[in-house]
Amino acid sequence: MSNNFLLMEKRQLIPRWHASRKALSLQYPTLKKKNVAINSTNAHDPWLEEARKEWDKKRTVFNAVELNVALFMNGMYEDAGYLSTLSFLLDNYNMLAPGVKSFINSSEEVKGTGLYALESNMTDLSIRNVRGFLKRNPRDVFSWVDMAFYYTVKGEDEKAYKCLKTAWSLNKYIPFVARSFARFLVHKDNPEEALWVLNRSEDSRNNPLLTSAHISIANSFELPSARVNDGKKILKNFSGDMGRVSDLAASLGTIEFENGNLKKAKKMFQASLLVPSENALSQYGWLKQKHGFSIDEEPSLPDSSIENDANKYYVSGDFSRCRDKLVEFHSFQPFSDASMVDAGYMSLIGLKDPTFVTESLYYKKPKTQMSFGALNNLIVAKLLQNNFHGIESDFKLLAKKAEAREESAKGIYVATSGLMMFKIGEECKGAELYESAIEFFKKRKDERAVGIAEHFYSQNVKHHNNDLYAKLRSSVEATAKKKRMLELLVEW
């Protein structure tokens with residue numbers, strides 16, 4: 001078990017990924033306040049235009065659903081078309097399919113956040129509508145990307161890849177397409193192909209959005225990149241809307257910080273925060289929380305970064321609010337489960353609440369579709385509740401998932417097996433497994449993982465071996481202080 005998201009050891013501005021209809025508002029939270037315009041190629045929504053025409057031609061349930069969903073996705077809740085289609089659908093409620101009924105009933109709650117609805121039937125509804133539009137407009141690249149986004153949310157990655165490849169093949173000039181494709185490939189642990197896509201997109205060395213993505217991905221995975229100098233030239237000569245270079249400036253500023261050039265790093269972040277992207281706000285907040293970095297004249301920044309808030313509550317020890325923000329972030333980037341895995345981690349350690357994991361809607365999905373981290377959380381939660389139903393098959397599946405991941409997963413599997421042994425009364429075997437996991441993490445110099453394993457180990461020997469317990473707690477407390485992991489100080 002380890003945190004993927006909270007106060008991560010290394011962070012860069014790997015592109016966020018949003019459906020085209022939400023991208024501008026979610027990526028640039030200060031847009032309305034600053035009254036600026038970002039040169040965006042994805043603001044056009046032909047699906048919406050088509051849906052309006054069909055609704056005006058003929059008032060049917062199908063056309064009402066098409067337009068209502070299109071307006072909903074654009075956040076146009078006071079639009080006359082949204083109100084008229086909603087009224088029409090309510091009048092014909094008994095004729096609606098179950099998925100549409102659920103969408104109508106839950107839309108009020110979802111629209112208040114501006115984020116994504118996570119219910120499977122709503123994702124299916126989005127896919128159906130985008131697919132219908134693509135049948136009539138097969139060269140609309142934004143809709144191909146949106147289809148890929150929703151397929152990825154459902155875990156249908158092969159379909160998502162085909163959609164993104166189609167979009168990128170149709171048009172290599174649009175940064176939104178290339179950045180989305182690259183982000184998907186990073187999500188699938190293939191940063192090398194992500195860089196290949198960015199390299200072969202048109203005008204990639206001169207476009208700040210593509211250059212930023214290239215620098216960030218290469219820096220995150222320690223891959224060779226010759227784009228840092230390109231990025232500096234772009235930033236030096238740029239005269240357009242500063243929002244377009246916010247990610248780039250923050251990426252370069254992070255590299256300057258890593259190299260010890262604080263003066264240059266501050267200059268880069270001053271440029272980045274003039275019209276900041278949400279990602280740049282999160283990057284700056286992470287540097288402040290993790291390393292105490294700040295620029296000399298900090299502008300008035302909005303509280304528009306969910307990730308910032310999660311880290312802020314984490315560092316302050318407000319684990320309940322931290323978990324709330326982690327869950328909210330999953331509605332912000334629903335194709336990745338990193339924040340939900342950390343929400344589970346925070347529930348198990350900081351909040352002593354395994355019920356959150358066993359009862360959460362996310363953790364009720366099929367185990368075969370869970371990530372290694374999510375399934376590990378579920379197994380730990382069940383063991384803490386002394387629930388052994390299906391535990392043997394759970395461990396077999398966890399072992400298979402560990403094989404397909406980086407080596408740290410193998411150490412986590414061994415530690416969780418140690419918990420299992422303690423729970424069935426095999427204390428000696430449990431101690432042996434925990435010692436093995438701790439030694440494994442020490443060799444990898446993974447101090448956070450060592451601290452977590454020692455924490456669980458200490459709680460299991462608490463009533464069996466006082467001397468070992470005291471030794472382990474001393475080590476855990478040192479790690480908690482050094483790594484700012486206050487959750488390790490919460491005992492069972």
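Start with the whole chain of this predicted model. With 492 residues, a compact globule would have a radius of gyration near 23 Å, and the chain has 24 Å, so the two agree. Turn the model along its principal axes: the C-alpha atoms fill a box of roughly 80 × 60 × 40 Å.

Colour by secondary structure next. How many helices and strands are there in the chain? The chain has 26 helices and 0 strands.

Switch to a surface view. The chain exposes about 21900 Å², and carbon and sulfur atoms supply 50% of that area. Buried residues make up 56% of the 492 residues. If your viewer can draw contacts, take those between residues at least 6 apart in sequence: 61% of them join residues at least 24 apart.

Now select the charged side chains. The chain has 69 positive and 61 negative ones. The centres of these two sets lie 3 Å apart.

**Confidence**

Colour by pLDDT. The chain averages 89, and 91% of the residues score at least 70. Select residues 33–44, where the pLDDT is below 50; the model gives this stretch 21 contacts beyond near neighbours in sequence. Then select residues 108–112, where pLDDT also stays under 50. For residues 108–112 the model has 6 contacts beyond four places in sequence. Where pLDDT is low, the predicted coordinates should not be read in detail.

Go to L7, in the segment before α1, which spans 20–27. L7 is not a glycine, yet its phi is positive, at about 45°. Is L7 buried or exposed? L7 counts as buried because its relative accessibility is 1%, and the cut-off for buried is under 20%.

Move on to D203, in the loop between α11 (191–199) and α12 (208–220). D203 is another residue other than glycine with a positive phi, here near 60°. Its relative accessible area is 45%, so D203 is partly exposed.

Select Q369 in the loop between α20 (354–359) and α21 (372–384). At 48% relative accessibility, Q369 counts as partly exposed.

Next, find K462 in the loop between α25 (447–461) and α26 (466–483). K462 has a relative accessible area of 21% and is therefore partly exposed. Which residues does K462 touch, not counting residues up to four places away in sequence? They are Y469, E491 and W492.

**A stop in a helix**

Finish at M421, in helix α23, which covers residues 408–423. Leaving aside neighbours within four places in sequence, M421 is in contact with E426, E427, K429, G430 and L433. Show these side chains together with M421 to view the set. Then select E359, which is 62 residues from M421 along the chain. How far apart are the C-alpha atoms of M421 and E359? They are separated by 24 Å.

Definitions and conventions
Residues numbered from 1 in each chain as written. Heavy atoms only, no water. pLDDT = per-residue confidence, 0-100. Contact = heavy atoms within 4.5 Å. Helix = DSSP H or I, 4+ residues; strand = E, 2+ residues; numbered from the N terminus. Rg over C-alpha atoms; globule rule 2.2 N^0.38 Å. Buried < 20%, exposed > 50% of the residue type's maximum accessible area, 1.4 Å probe, protein only. Areas by Shrake-Rupley, 256 points an atom, 1.4 Å probe, with all protein chains shown as cover. Lys, Arg positive; Asp, Glu negative; His and termini not counted. Charge placed at Lys NZ, Arg CZ, Asp CG, Glu CD.
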